[in-house]
Amino acid sequence: MQQKVEVPKEGAPTNINPLSRIPWRDDKAVISKDDPLSFGVLRHDGSATPHPPVQRAISTVVEALEKQGHKVIEWHPPDHARGVNIIQKSWAYDNGADIRSAFALSGEPMIPQIVGAFSGDKPPEDATYIAANNVAQREYQKEYMEYWNSTAELTGTGRPVDVVIAPVAPFSAARPERYSYYGYSSIVNLLDYTACTLPVTTADKNIDVVVDAASFKPVRELDRRITKDYDAEIYDGSHVSVQLIGRRLQEEKVLAVTEYVAGILKG
């Protein structure tokens, strides 16, 4: 993974990619054993409750890091639902015209989730709407940045949280037509942050059971459907990953931390 990121950034990257601003920085890709890291942990984004295997994967990573002496704090950022709403608006600026033209090239049918999101029954949004959403995005990014900066008071390292541990999705694997929530990953896109997926375990029907389902109180209808979709038998054996999220332009650091955490998990 490092080679895939490092090679394009070598040799005047701005002459190759107008979006690339900096070369690979080796000094940012080093994890020192003498300098403990600090982590935030997002267990629930306020919209979708992770399935039991995902909850266990998050706890596994947290416990492994704490045993190594790293500080882990609970992550309570600005409302993720607001951020997800902003990015979802951006997906539909053209009401799916580009998506439909791409599918038309092959004749491949669109899956129900795409058909439902881009029905094509309204005109594209105008420039005023798009500009207002861009402003909302910048304001949200600033608010999130300020929250991240504020964690320096909690980490004990003298700096803000290094990396955030979070679900990739509320489920461990994608069941056909049931991948109904993208908020855990799309929020990273909205913020223009760096993230890397880390395999942690596999779902186990004997361990990953729903405890006291009768007392579960969904935060909204989507949350109820996602939780109801969990079936320990169907998910048994599926791979479970988490994501490690860093700030903007921190590819070197995030990859280094991911490799470090993977080593801890392997023992």
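These notebook entries record what I looked up in the structure.

**Entry 1. Basis of the model**

I worked from a predicted model, in which local features need pLDDT of at least 70, side-chain atom pairs count only at pLDDT 80 or more, and totals for chains, interfaces and linings use all residues. Residues are numbered from 1 along each chain as its sequence is written, and side-chain values use heavy atoms, with hydrogens and water left out.

**Entry 2. Overall content**

I looked up the secondary structure and found 11 helices and 5 strands in the chain. Helices (H or I, at least four residues) and strands (E, at least two) are DSSP runs, numbered from the N terminus. I then looked up burial: of the 267 residues in the chain, 38% are buried. Buried means under 20% relative accessible area, exposed over 50%, and partly exposed in between, with a 1.4 Å probe and protein chains only. For contacts (heavy atoms within 4.5 Å), I noted that 81% of those between residues at least 6 apart in sequence join residues at least 24 apart.

**Entry 3. Strand β5 and its partners**

I turned to strand β5, residues 239-246, where 6 of the 8 residues are buried. Two strands pair if DSSP finds at least two bridges between them. Strand β4 (residues 194-202) pairs with β5 in the antiparallel sense over 8 bridges, and Cys 196 has Leu 244 of β5 as its bridge partner. Strand β3 (residues 163-167) also runs antiparallel to β5, joined by 4 bridges. Pro 167 stands opposite Val 242 in β5.

**Entry 4. The nonpolar core**

I asked which residues touch the most other members of the largest nonpolar core. Among its 52 residues, they are Phe 39, Leu 65, Trp 75, Ile 165, Val 242 and Val 261. Helix α2 (residues 52-67) gives the largest share of this core, 7 residues. A nonpolar core is a set of buried Ala, Val, Leu, Ile, Met, Phe, Trp, Tyr and Cys residues joined through side-chain atoms within 4.5 Å. I listed the contacts of Val 242, leaving aside neighbours within four places in sequence; among them are Ala 57, Ile 58, Val 61, Ile 165, Cys 196 and Leu 198.

**Entry 5. Asp 223 and helix α9**

I found Asp 223 in helix α9, residues 221-228. In α9, Leu 222, Asp 223 and Ile 226 are buried. Seen down the axis of α9, the buried residues fall within an arc of 100°, so they line one face of the helix; the arc is that of the directions from the helix axis to the C-beta atoms.

Not counting residues up to four places away in sequence, Asp 223 touches His 44, Ser 47, Ala 48, Thr 49, Phe 216 and Pro 218.

**Entry 6. Loop residues**

I checked Asn 95, which lies in the loop between α3 (80-91) and α4 (97-106). Asn 95 has a positive phi of about 55° although it is not a glycine, and counts as buried at 4% relative accessibility. Leu 249, in the loop between β5 and α11 (251-266), has a positive phi of about 60° and is not a glycine. Leu 249 counts as partly exposed, at 29% relative accessibility.
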